[in-house]
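Please look at the sequence and the 3D structure below.

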Amino acid sequence: MDIQDKKPTLKTFIQYSTVSEQIGIISVTAHGAKLGQRLRKYFLATSHHTVECFEKEGRQSGEAATLFSSMKPHMETWFKTYDKLLFIMATGIVVRMIAPYIKHKSEDPAVVVMDEQGHFAISLLSGHLGGANEWTAEIAQVIGATPVITTATDVNGIPAPDVLARKLECKVEDFDALREVNSALVAGETVKYYVDDTLYFLHQYEASAKAQGITLIRFNPHTVMGKFLCEEGGENVARVIITDLFLPVGPRTLVLRPPTMVVGIGCRRDTPKELILEAIKDSLLNVNRSPKSVAAAASVIVKSDEVGLLAAVEELQWPIHFFTQEEMAPFIEASHIEESNFVKQTIGVGNVCETTALLQAKSQTLLQKKTVYPRTTVAIAQVQSK
């Protein structure tokens, strides 16, 4: 099929970066419940987020809320369900309640604590990647509270790379490298930020970084990476690189992975998870790209109950979208995608992996065309808009 190199617009990038979050607000006093409702109305009016208030029985606000008699039976569900949690109560209660469920900064929700009189808003957990620090400042501004933020980069007024990662929706490749870079920043070392100039949303990444007080230095990984480490001080210099490519880096180089790809997958009935994972791994190696830069997987609706496929994407921690044949057929025709007669006779459309990858990526650019593996086909599309 034709490869079209369309340039992104600021509008498409903003649409791509808009993330709807689930917010839970939990209170244990009537005054706290009223504060929670005030914030609920604010967030509903100013964002696309889903906001739900949980109030203790007998101490409710009188407005729409889910009531509970004890927090403990609900804590695990709240912690796993919501992207952001605001507890309006004593900090000690919250620490004891959430302690059993804390896993890692890459997984934990943002947790903020506020006293029932609204004097202080405290960023308690996942300050950078989860966005708790920014959320604390926002809550404090709405209520008129004093924000309490204790992360070292913030108290020293230093832009943090994990905040930038959240703004760009990037995943952190190595959390040991993140600690190294944050330590270097706090120690006063100069940490440079580099961006792969082949990335589709390059200009928007630069604009977003600039808004955080960070200047991105462009580099072309295909032509200068060999000299890059030597000229810039060697592999032990603390630095940040934004790219979806596998590159040789040192232990103090933090690589941020932007969501640049969709992996389309076709497979025969009862294909084992292991075969699908091997096909995906080989495909990503073929295009020299990190699995952390995969925004989603995609397939046809008839595969939505395929045990091996579901297990594979769950292990990779990728979301997956299943398209109907009615959605796929017009796109196949319009894009002149080559079809397999056997597959078409079996499921009604003759191309699964390329079609679903392109549909999910809202793109016309394939990084890898349909590639056949044992019982599996894989294609990789470049994300070009949301």
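## Between domain 2 and domain 3

In this predicted model, 5 residue pairs are in polar contact between domain 2 and domain 3, both residues of each pair being at pLDDT 80 or more. There is also 1 salt bridge between these domains. A salt bridge joins the side chains of Asp-244 and Arg-289, with 3.2 Å from N to O.

Counting contacts, 9 residues of domain 2 touch 10 residues of domain 3. The size of an interface is often given as the accessible area lost when the parts come together. For domain 2 and domain 3, the buried area is about 910 Å², and carbon and sulfur atoms account for 51% of it. On the domain 2 side, Lys-171, Asp-244 and Phe-246 provide 58% of the area buried against domain 3, more than any other three residues.

## Where the domains lie

The domain assignment divides the protein chain into domain 1 (22-150), domain 2 (161-257) and domain 3 (261-382). Taken over C-alpha atoms, the centres of domain 2 and domain 3 are 30 Å apart.

## The largest nonpolar core

The largest nonpolar core contains 27 residues. Among those with the most contacts inside it are Leu-164, Tyr-193 and Leu-256. At least two core residues come from each of helix H7 (161-167), helix H8 (175-186), strand E9 (192-196), helix H9 (202-211), strand E11 (239-242) and strand E12 (253-257). H8 gives the largest share, 6 residues.

Leaving aside neighbours within four places in sequence, Leu-256 is in contact with residues including Pro-161, Ala-165, Lys-171 and Ile-242.

How values were computed. Residues are numbered from 1 along each chain as its sequence is written. This is a predicted model: local features need pLDDT of at least 70, side-chain atom pairs count only at pLDDT 80 or more; totals for chains, interfaces and linings use all residues. Side-chain values use heavy atoms; hydrogens and water are left out. A nonpolar core is a set of buried Ala, Val, Leu, Ile, Met, Phe, Trp, Tyr and Cys residues joined through side-chain atoms within 4.5 Å. Buried means under 20% relative accessible area, exposed over 50%, partly exposed in between (1.4 Å probe, protein chains only). Helices (H or I, at least four residues) and strands (E, at least two) are DSSP runs, numbered from the N terminus. Contact means heavy atoms within 4.5 Å. Domain bounds come from an automatic or database domain assignment. Buried area is the accessible area (1.4 Å probe) that two parts lose on being put together, summed over both. A salt bridge is a side-chain nitrogen of Lys or Arg within 4 Å of a carboxyl oxygen of Asp or Glu. A polar contact is a pair of N or O atoms within 3.5 Å; within protein, one must be able to donate a hydrogen and the other to accept it, and residues adjacent in sequence count only if both atoms are side-chain atoms.
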